[in-house]
Amino acid sequence: MGPPPREKPPSLAKASGSMAIATLVSRITGFVWKIQLAWVAGLAVVNDSFTVANTLPNIVYELLLGGVLASIVVPLLVRSQDDHDGGREYTNRLLTVGMTMLLAGTVVAVAAAPLLTGLYMDDSTGKANSELATAFAYLLLPEIVFYGLFALLSAILQAKHVFGPPAWAPVINNLVIMLTIGVYAIVPGEISLDPVRMGDAKLLVLGLGVTFGIVVQALVLLPALRRTGFRYRWTWGIDERLREFGGLALWILGYVAVSQVGMVITLRVLTAGADGGASIYANAWLLFQLPYGVIGVSLLTAIMPRLSRSAADGDTKKLIEDLSLGSRLSTVMLVPISAILTIAGTSVGIALFGVGEADVTDAARLGDALAFSAFGILPYALVMLQLRVFYAMKDARTPTLIMIVMIVVKIPMLYFCADQLRPEDVVIGVLLVNSLTYVVGAVLGQMWLWVRLGRLQSMRVVKVIMQTIVAGVAGVLAAWGATLLVDMVIGGAGPRLTAWIHLVVQGLVTAVVAFGLLAAFRVPELQPATQRITRLVRRG
């Protein structure tokens with residue numbers, strides 16, 4: 001008996017467009033709770049300690065299985081659909097092995113919490129509080145197993161071209177965290193810094209509430225999975241394809257391990273600098289990823305099964321076409337947004353984070369860091385797309401080698417920032433280094449794919465990049481001129497009001513000029529985006 005017939009996948013524009021709405025809501029709500037936390041806890045030691053501790057579950061999860069799940073599970077699940085049972089047994093084996101590894105890793109990570117916080121924080125300058133970070137880590141590290149469950153269930157759904165529930169689940173998580181921070185704000189007392197006490201009500205509320213959000217995020221996928229007809233059965237044992245999975249996974253674990261070397265150095269450089277470096281970096285990085293998260297992640301999630309199917313069928317032409325299309329669509333949408341963040345970065349920081357317990361100076365530093373690094377959004381998106389092509393071809397070695405080169409370039413520049421910049425400016429330098437590193441990775445990835453696949457329609461991509469850069473620069477110049485005129489009118493308005501006015505003017509002028517020029521250039525890749533926006537407006 002042959003494999004079940006394949007269902008026709010939804011169009012790339014339709015799939016990525018519908019996910020973009022959910023991802024936009026997810027990123028906005030995620031951004032809102034970060035702002036809430038800055039308002040109620042400031043951008044100093046408490047926020048730094050929570051930020052480092054909240055990073056640890058992601059880091060350990062990535063080291064255990066996260067990079068593997070994000071990179072090669074969807075391609076392997078797509079290939080398994082050609083089995084006589086539609087891949088059910090293979091999926092069950094994958095779930096069993098994956099969850100067993102995650103449970104064991106979670107227990108070890110919780111036990112080793114003090115060692116992990118000591119590795120990622122440098123408190124030799126007295127600017128960090130590793131004891132508070134450890135207390136948060138004990139409460140947050142159990143998230144690891146639920147991050148893994150969410151990733152595994154999402155991969156199964158995506159392989160079946162079910163994209164909605166995985167896209168909306170993080171929104172529910174963010175709402176839980178927003179509620180948690182609201183409770184944190186009204187709970188009396190303060191978190192004790194010296195000594196640190198695990199029994200502090202605010203500490204428990206924040207740590208347990210954030211962990212509960214991840215639990216909910218994973219469990220809400222179960223009804224969607226049941227609707228696809230999948231029923232989980234404990235299936236232990238390693239078959240030939242799981243051995244193949246293991247071989248690929250070793251290279252991806254190498255990729256993650258190398259990237260975490262960069263993360264260790266990054267956090268140690270930040271926590272040795274001025275107060276708030278880690279939290280400013282985390283919030284600026286969140287803003288940096290916001291446009292990519294809405295556009296790039298939606299596109300990648302929708303395109304991954306297509307890339308995997310083309311690679312499985314040996315259809316190199318179709319693989320190159322999807323790579324080129326993904327690159328051009330990313331360029332048209334992300335470069336103008338990079339231009340907006342370049343001119344309006346400082347205004348964004350002050351307008352959104354200069355409230356409550358947060359200091360305006362720290363908020364301005366956050367915005368400056370965003371402005372200096374915004375050019376890296378497109379290279380970052382291109383690197384992520386290129387890696388997915390390698391993984392679709394079951395090549396996990398090349399991405400690891402590319403990451404090694406990126407980290408070799410990155411680490412000396414990080415130490416240069418720590419040595420040459422003022423402590424309060426280190427975070428700006430670190431984010432600038434991040435973007436430069438992704439430029440190196442994007443160029444290297446494109447060259448490697450050219451060697452593997454031949455002509456990649458590179459000139460089409462380069463043409464679109466040049467057109468969007470011209471449009472973006474024109475938008476920035478126009479916004480700069482408009483800002484000078486606005487300053488003559490508003491005079492001595494306060495810093496927060498001025499920031500909001502600048503943000504609105506700079507954002508609107510840059511967007512209108514940049515996208516207007518792209519329309520005038522008749523860039524064909526702009527049409528799918530405008531059609532999608534038009535449909536949304538009519539539907540509203």
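R452 is partly exposed, with 41% relative accessible area, where partly exposed covers the range between buried (under 20% relative accessible area) and exposed (over 50%), computed with a 1.4 Å probe on protein chains only. R452 forms a salt bridge with D395, a salt bridge being a side-chain nitrogen of Lys or Arg within 4 Å of a carboxyl oxygen of Asp or Glu. Because D395 sits in the loop between helix 14 (377-392) and helix 15 (397-420) while R452 belongs to helix 16 (residues 426-453), this pair ties together parts that are 57 residues apart in sequence. D395 itself is buried at 10% relative accessibility.

This is a predicted model, in which local features need pLDDT of at least 70 and side-chain atom pairs count only at pLDDT 80 or more, whereas totals for chains, interfaces and linings use all residues. Residues are numbered from 1 along each chain as its sequence is written, and side-chain values use heavy atoms, with hydrogens and water left out.

By the salt-bridge rule the count is 6, and the table lists pairs among them.

| Pair | Closest N and O atoms |
|---|---|
| K318 and D322 | 3.0 Å |
| D362 and R365 | 2.8 Å |
| D395 and R452 | 2.6 Å |

K318 and D322 are 4 residues apart in helix 12 (residues 316-353), about one helical turn; helices are DSSP runs of H or I with at least four residues, numbered from the N terminus. K318 is partly exposed at 27%, whereas D322 is buried at 3% relative accessible area. D362 and R365, 3 residues apart in helix 13 (residues 360-373), are both buried. Finally, R422, E424 and D425 are linked in a salt-bridge network.

Key. Helix = DSSP H or I, 4+ residues; strand = E, 2+ residues; numbered from the N terminus.
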